[in-house]
Amino acid sequence: MEENTAKVPEERQADYREMYLVMARAMEKCVRELIEAQRHCEELYLRSTEE
């Protein structure tokens with residue numbers, strides 16, 4: 001029985017580092033947007049309690 005030792009050609013291998021960086025950047029952007037939204041809502045709340 002012959003063992004299958006075929007490898008994926010280099011140009012077809014996934015660039016896991018690039019995929020990780022794309023995901024990390026997107027998550028960081030989302031976190032920043034959520035923090036900004038939370039701060040905005042806190043400001044709205046504080047303004048409404050001052051009246």
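A residue counts as partly exposed when its relative accessible area lies between the cut-offs for buried, under 20%, and exposed, over 50%. That term is used at several stops below.

**The whole chain.** Start with everything shown. This is a predicted model. Colour by secondary structure: the protein has one helix and zero strands. Of its 51 residues, buried ones make up 0%.

Select residues 16-50, which form helix α1. The two residue pairs visited next, Glu 28 with Arg 32 and Glu 43 with Arg 47, lie in this helix.

**First pair.** Select Glu 28 and Arg 32 and show their side chains. They meet in a salt bridge, with N and O 3.5 Å apart. Along helix α1 the two residues are four positions apart, about one turn of the helix. Are they buried, exposed or partly exposed? Glu 28 has a relative accessible area of 42%, so this residue is partly exposed. Arg 32, at 48%, is partly exposed too.

**Second pair.** Move along to Glu 43 and Arg 47. A salt bridge joins these side chains as well, and the closest N and O atoms are 3.7 Å apart. Glu 43 and Arg 47 are also four residues apart in helix α1, about one turn. Why does Glu 43 count as partly exposed? Its relative accessibility is 42%, and this class covers values between the 20% and 50% cut-offs. Arg 47 falls in the partly exposed class because its relative accessibility is 47%. With this pair the tour has shown both of the two salt bridges counted in the model.

**The cysteines.** Select Cys 30, which is partly exposed at 45% relative accessibility. Then select Cys 41, partly exposed with a relative accessible area of 48%. How many disulfides are there in the model? The count is zero. For reference, a disulfide is a covalent bond between the sulfur atoms of two cysteines.

Methods:
Residues are numbered from 1 along each chain as its sequence is written. This is a predicted model: local features need pLDDT of at least 70, side-chain atom pairs count only at pLDDT 80 or more; totals for chains, interfaces and linings use all residues. Side-chain values use heavy atoms; hydrogens and water are left out. Buried means under 20% relative accessible area, exposed over 50%, partly exposed in between (1.4 Å probe, protein chains only). A disulfide is a pair of cysteine sulfur atoms within 2.5 Å. A salt bridge is a side-chain nitrogen of Lys or Arg within 4 Å of a carboxyl oxygen of Asp or Glu.
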